[in-house]
Amino acid sequence: MTDRRFHPANDRVALSTLARAVAGVKPTDGEPMSVTSCLANLLAEPDGMRDRQLLYGTEFLVLEMRDGWAFGQSDYDGYVGYIAEDDLGPPGTATHIVAARSTHGYEAPDVKAPDVMPLSFGSRVRVVSETGTHMETDRGLHIPKPHLLGADRPFSDPVTVAQIFFGSPYLWGGNSTFGIDCSGIIQIAASAAGLAAPPDSDLQASGLGTELSPDAPLARGDLVFWEGHVGIMVDSETMLHASAHHMAVAYEPIDHAIARIAASEDKEVTVRRRL
C-alpha cells in the first residue's frame with residue numbers, strides 16, 4: 001500500500017519518476033525551492049492538518065502551485081505535502097546550520113540592530129561573508145558566529161542534541177525549539193549526528209537503529225517506543241521525551257513513564273531500539 005506521506009503525487013500532478021504508475025495526472029520534474037520563513041507547516045492537504053514542520057532553509061521540490069499552496073516533497077526526509085506559497089523562495093545550498101537552541105537573524109552585524117526573524121536549532125543557511133562577530137547569509141541575515149556550525153560537521157552524540165530541546169513546548173507535528181513532538185526530537189537528534197532518521201514514530205519504531213531484546217539493559221541513546229510515542233534514554237534510568245503529558249520536552253525516570261503510560265493510556269512498551 002502506498003504511503004501518502006512519501007508519495008509525490010496528487011489528483012493532478014506526479015513526480016516524473018512516478019508518472020507511469022499514476023494514471024491520468026501530469027508528470028513534472030518539479031521546481032526546487034527552499035523555506036524562507038522561520039518555519040513552514042507541512043500539511044496533509046490545503047488548510048488541513050499539520051503533518052510536520054520544515055525549518056528555514058529546508059529545500060522543497062515544488063510539483064504544483066495552486067490557490068496559494070505549494071504541493072511537493074521535502075528534500076530533508078522525503079515527506080510530501082502542502083506548504084503555503086508565501087513560505088517559499090529560491091533554493092540555496094546551505095553552508096551552515098544553526099547549532100544553538102535558537103538564534104536571531106539581524107539586519108546588520110550588531111546585537112543592537114533590528115532582529116529580522118528567530119531561527120531554531122537545525123535551520124540551514126548559506127553564508128556569503130563574515131565580520132568579527134557575525135556571519136551574513138545570502139538573504140541578508142546577520143547571525144552571531146557562535147550560533148552556527150558548518151553543515152558538513154555532524155554532532156557526535158544524538159542525546160546531546162536532544163537535550164538542547166529540554167523545556168521546549170510540546171507541539172503536535174512540531175520540529176523546532178519553539179514547539180516539537182516526540183518523533184520530531186528523535187529525527188532532529190539522529191539527523192544532526194549524521195544518522196538517517198524517518199520523521200514519524202511508527203517509521204522510527206520499525207527502521208531506526210537495531211532492535212533490542214526485551215531484557216537488554218538500556219543505555220544512553222536507546223529509544224523506547226509505545227504506540228504513537230517515543231523517547232530517548234539519557235542514561236540507563238532516565239528518558240528524555242517531548243510529552244503531551246508534560247506539554248514540554250521533559251526528563252522522566254523510565255520506570256515511572258512505563259507505569260504512568262500503562263495506567264493512563266493502557267499502553268505498554270512495543271519495542272526498544274539502539275541507535
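Is His-241 buried or exposed, and which residues is His-241 in contact with?

Analyst: This is a predicted model, in which local features need pLDDT of at least 70 and side-chain atom pairs count only at pLDDT 80 or more, while totals for chains, interfaces and linings use all residues. Residues are numbered from 1 along each chain as its sequence is written, and side-chain values use heavy atoms, with hydrogens and water left out.

His-241 is buried, at a relative accessible area of 0%; buried means under 20% relative accessible area, exposed over 50%, and partly exposed in between, with a 1.4 Å probe and protein chains only. His-241 lies in strand β23, residues 238–243. Strands (E, at least two residues) and helices (H or I, at least four) are DSSP runs numbered from the N terminus.

Two polar contacts involve the side chain of His-241: one of 2.8 Å to the side chain of His-229, and one of 2.9 Å to that of Glu-252. A polar contact is a pair of N or O atoms within 3.5 Å; within protein, one must be able to donate a hydrogen and the other to accept it, and residues adjacent in sequence count only if both atoms are side-chain atoms. With neighbours within four places in sequence left aside, the residues in contact with His-241 (heavy atoms within 4.5 Å) are His-229, Val-230, Gly-231, His-246, Ala-248, Val-249, Ala-250, Glu-252 and Arg-260.

Rings of Phe, Tyr and Trp (its six-membered ring) pair if their centres lie within 6.5 Å; planes under 30 degrees apart count as stacked, over 60 as edge-to-face and the rest as tilted. The pair of Phe-71 and Tyr-82 is tilted, because the planes stand at 45 degrees, with the ring centres 4.9 Å apart. This pair links distant parts of the chain, with Phe-71 in strand β7 (residues 69–74) and Tyr-82 in strand β8 (residues 80–84), 11 residues apart. Phe-71 is buried at 4% relative accessible area, and Tyr-82 is buried at 10%.

Phe-121 and Phe-165 form an edge-to-face pair, with 5.9 Å between centres and 75 degrees between the planes. Phe-121 lies in the loop between β12 (115–120) and β13 (124–125), and Phe-165 in the loop between α1 (158–164) and β18 (175–176). Phe-121 is buried at 1% relative accessibility, as is Phe-165 at 0%. Ring pairs also bring in Phe-155, linking Phe-121, Phe-155 and Phe-165 into a cluster.
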